[in-house]
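Have a look at the model first, then read on.

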Amino acid sequence: DAVCQLPLLACASAGLRIKTEGIPTLLDIETPNVNSQRMRHAGKGLLSLALMDSRNHTLRWMAAYEEALAARNFVVPQGLEVNPPVWELGHIGWFQEWWIARNVQRQRGSSCDPTLPRLASLEAQADRWYDSTHVPHASRWTLDLPDLQATKQYLADTMEVTLELLEGADAGDEKSDDALYFYRLALFHEDMHGEAFAHMAQTLGIKLSNPKELMTPLSNMAMREPLLFPATRWSLGSMPGGFVFDNEKWGHELAVPEFEIDAQAVTWAQYTEFVEDGGYDEERFWSSTGWAWVHNQERRTPRHVEQMRQGVLQQRFGRLARVPLQQAALHVSCYEAEAWCRWAERRLPTEVEWEVAAHAGASRGFRWGEVWEWTATNFRAYPGFTPDPYTDYSLPWFGTHRVLRGASFATRERMKSAKYRNFYLPWRDDVFSGFRSCAV
């Protein structure tokens, strides 16, 4: 594949090695479909496969961008919701190198000191280009970035070093979570950027020649009655063991009153009723900030929708598509989700209600994973929170963002966890977001 310029990978008895000779292509490897719980506890062998699988996925996305944007040198409009694609690609390699190859305390895992000086990068200008903490978003359009071929070579070189270090990592029973922490972090970070490539492509209207190669198609959902859950006590958050994101730390028990929750996300059929009933014209359904957003955006329907009478027509990756009414409503902001709930005389679930239902309702038809789901919970730290070494992951966003739970059709299987806390500002509708509701 001339588009994807990573060298071939061979499995030798001495371990995994990336060859530097031969025809450039995708990494010649497949990894099994592994769920999140197993991936968070993955050892060196499974991590090696997963890291290469994630890189393949990144390169397949970049191939789609290359097909659409190479003729205009990958220039995309500047905006809060997107990054220059070549910058995004380079940042993925930089992040992996920063936390693994250049980190002198990588064996200490989440207890390492992130302020210590780093070893030199394979690319002398890498920090100046790709350090998202110190490279302002707006400046990424004016950087003197290397071209696509050089960027891919940087990713190949850093991956080779990562796999060599992983092979030699001291991952004994007592210290395995520490020794493998940054490899797991780099994997999940790249998977997150894989999904970011997906919703950036949707935002930019990039036509995909084979979307099914990159994402699981959205499915039609049979409507089920809401589920009633009795009052209970629940441990919200994760417990020690394996990889844990810092905003999941640590599990703490909460009393949860009885609640009724939808068995699936709100569908287009349900959302269309709100639109046809004049939902975007009635201030009483909206919060003050939501109402201001509606007028500022001149919004009459969810984003990318061009028609909601006699069916839904929505732009999907640069093509106008008739959307089945049984699919989950997509590209809905938190403001719109709250307005629909007020119109329907329902409410958004709290994140603890969502988590209880996802666990206790699995055998009762509670369905999730089609769209990220807005909750009523503001993104805040759990009791006793301390940031992990990657301090910019959660800490800067507490108090301003809203929690979403679940996963979307573009989320990799190994990322899907009922404990995972996604978070965005409430106006974001570029991501693959929807919602479900609870009885008031």
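How are α8 and α10 oriented to each other? The axes of α8 (residues 268-276) and α10 (residues 334-343) come within 10 Å and cross at roughly 80 degrees, so the two helices are roughly perpendicular to each other (65 to 115 degrees counts as that). This is a predicted model, where local features need pLDDT of at least 70, side-chain atom pairs count only at pLDDT 80 or more, and totals for chains, interfaces and linings use all residues. Residues are numbered from 1 along each chain as its sequence is written, and side-chain values use heavy atoms, leaving out hydrogens and water.

**The helix pair**
- On the α8 side, Q270, Y271, E273 and F274 meet E336, A339, W340 and W343 of α10 (contact means heavy atoms within 4.5 Å).
- By class, that contact has 5 nonpolar, 1 polar and 2 charged residues.

**The buried side of α8**
- W268, Y271, T272, F274 and V275 are the buried residues of α8 (buried means under 20% relative accessible area, with a 1.4 Å probe and protein chains only).
- They cover an arc of only 155 degrees around the axis, which puts them on the same side of α8.
- These buried residues pack against β7 (305-307), β8 (312-316), β9 (319-323) and α10.

**Core**
- W61, Y271 and F274 touch the most other members of the largest nonpolar core, which has 106 residues (a set of buried Ala, Val, Leu, Ile, Met, Phe, Trp, Tyr and Cys residues joined through side-chain atoms within 4.5 Å).
- Helix α6 (residues 176-204) gives the most to this core, with 12 residues.

Technical notes. Axes are lines fitted to C-alpha atoms, for helices over the stretch in contact, and angles run from 0 to 180 degrees between N-to-C directions. Helices (H or I, at least four residues) and strands (E, at least two) are DSSP runs, numbered from the N terminus. Angles under 35 degrees count as roughly parallel, over 145 as roughly antiparallel, 65 to 115 as roughly perpendicular and the rest as oblique. Ala, Val, Leu, Ile, Met, Phe, Trp, Tyr, Cys and Pro count as nonpolar, Asp, Glu, Lys and Arg as charged, and the others, Gly among them, as polar. Buried means under 20% relative accessible area, exposed over 50%, partly exposed in between (1.4 Å probe, protein chains only). The arc is that of the directions from the helix axis to the C-beta atoms.
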